[in-house]
Amino acid sequence: MLKIMGKLARYSKVPLYQKVFRISLVGPSSRVGPIKGIIHSGDYGIETDIIDSDSGVVSYKKKKTESLPDPFYFHMELPPDEKRGILCLQQSGLSGVKALFETVVGGQFQKFFSEYKLHIRNLTMADALANYIKNGIVEEIGVEKHEIPADIADRFGGSHKTYKGKFTYSIKPDQPFFKRGGLIAFSKGEKTLDDIFDFDEHGFDVVKTKIRVRGELKTVNLTQPETISTSFDITDDVTIGVDGRPTLKSIAREFQKIVEETAERGGIAL
């Protein structure tokens, strides 16, 4: 990977995304230890005016062949005794480089090492939820049904029929807290929610759990596991430099914390 990234030090076009791309490695990089650097990426293919925001005057007219690359910091860990590693990529707003990185670097890897396959995937539901449940305290289970059952509606008057609306039921147990085995089995795909909870005939369509991990209360929608975030908002934790971007020192510090937490979550020995 170090050799591949070293070959990507000059800007090149990636027609699939209409972007330019290059990698500059940061700090000492060796065959053992993290690979850190900056991915420079920007769009081309559109002619536009570049405006001076103070004067409102066009200061430059960008041509279709020109690009204004943005820097995206990355931190990669490839432990020698593991088949899995960790890749942490910076994202700014809606702009990111995951797909671009996977296409360019993954393509180069396949070119030079055709007998191997490099898989780059997001942290999964099972990775995150199993760790939350194992290391946290499940304080509450909430279930929702997007209609009000007839027996509930009847308590508030009117005829005995089902009404449109949202019926929510929350369970907060006394000590001891919920047993976690069933939820962990669900996160691993070994059980369905119906195997874990007996909802009778109510047919709840949303099941949420509140898990306290290291003092922070996390709400996880068990019926929409893909909503578990695999991103970290470090906006308030980095130092903004004179160029308006996070300083390299501060973003490297925060990425190191994220990498260590991710390794713990995924059971990867750094």
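Colleague: What is the relative accessible area of Phe112, and how is Phe112 classed?
Modeller: The model is predicted, and in it Phe112 is found in helix α2, residues 98-112. A residue counts as buried under 20% and as exposed over 50%. Phe112 has a relative accessible area of 39%, so the class is partly exposed.

Colleague: Which residues make the nonpolar surface patch of about 310 Å²?
Modeller: A patch residue needs over 30% relative accessible area and no salt bridge. Phe112, at 39%, is over that limit. The patch is made by Phe112, Phe113 and Tyr116.

Colleague: Ser250 lies in helix α7; is it buried or exposed?
Modeller: Helix α7 covers residues 248-266, Ser250 among them. The limit for burial is under 20% relative accessible area. Ser250 is at 2%, so it counts as buried.

Colleague: Which side chain makes a polar contact with the side chain of Ser250?
Modeller: With residues up to four places away in sequence left out, Ser250 touches Val238 and Thr239. The polar contact is 2.8 Å, and the partner of Ser250 is Thr247.

Colleague: How many bridges join β1 to β2, and which residue stands opposite Lys13?
Modeller: Strand β1, residues 12-14, runs antiparallel to β2, and three bridges join them. The two strands form a hairpin with four residues between them, where Gln18 takes a positive phi near 50 degrees.

Colleague: How many residues of β2 are buried?
Modeller: β2 pairs with β3 in the antiparallel sense over seven bridges, and Ile23 stands opposite Ile39 in β3. β2 is mostly covered, and of its seven residues the number buried is five.

Colleague: Is Ser41 buried or exposed?
Modeller: Ser41 has its place in strand β3, residues 35-43. Beyond its neighbours within four places in sequence, its contacts include Lys19, Val20, Leu68, Phe72 and Leu100. The relative accessible area of Ser41 is 4%, which means that it is buried.

Colleague: With which residue does Asp43 form a salt bridge?
Modeller: The closest N and O atoms of the pair are 2.7 Å apart, and the partner of Asp43 is Lys19. Asp43 lies in strand β3 and Lys19 in strand β2, so the pair ties together parts that are 24 residues apart in sequence. Asp43 has a relative accessible area of 46%, so it is partly exposed. The name asked for is Lys19.

Colleague: Which residue stands opposite Thr48 in the pairing of β4 and β5?
Modeller: Strand β4, residues 48-51, and strand β5, residues 58-62, pair in the antiparallel sense over four bridges. They form a hairpin with six residues between them, and Gly56 in the turn has a positive phi of about 75 degrees. The residue opposite Thr48 is Lys62.

Colleague: How far apart in sequence are the parts that the salt bridge of Lys61 and Asp49 ties together?
Modeller: The side chains of Lys61 and Asp49 meet at 2.9 Å, N to O. Lys61 is at 48% relative accessibility and so partly exposed; Asp49, with 36%, is partly exposed as well. Since Lys61 lies in strand β5 and Asp49 in strand β4, the separation of the parts is 12 residues.

Colleague: What share of the 270 residues counts as buried?
Modeller: The chain has seven helices and 11 strands. It exposes about 17300 Å², of which carbon and sulfur atoms supply 51%. Of the 270 residues, the share that counts as buried is 33%.

Key. Residues are numbered from 1 along each chain as its sequence is written. This is a predicted model: local features need pLDDT of at least 70, side-chain atom pairs count only at pLDDT 80 or more; totals for chains, interfaces and linings use all residues. Side-chain values use heavy atoms; hydrogens and water are left out. Buried means under 20% relative accessible area, exposed over 50%, partly exposed in between (1.4 Å probe, protein chains only). Accessible areas come from the Shrake-Rupley method with a 1.4 Å probe; for residues, only the protein chains shown count as cover. Patches are made of residues with over 30% relative accessible area and no salt bridge: like charges are joined within 9 Å, nonpolar side chains (Val, Leu, Ile, Met, Phe, Trp, Tyr) within 5 Å. A salt bridge is a side-chain nitrogen of Lys or Arg within 4 Å of a carboxyl oxygen of Asp or Glu. Two strands pair if DSSP finds at least two bridges between them. A polar contact is a pair of N or O atoms within 3.5 Å; within protein, one must be able to donate a hydrogen and the other to accept it, and residues adjacent in sequence count only if both atoms are side-chain atoms. Contact means heavy atoms within 4.5 Å.
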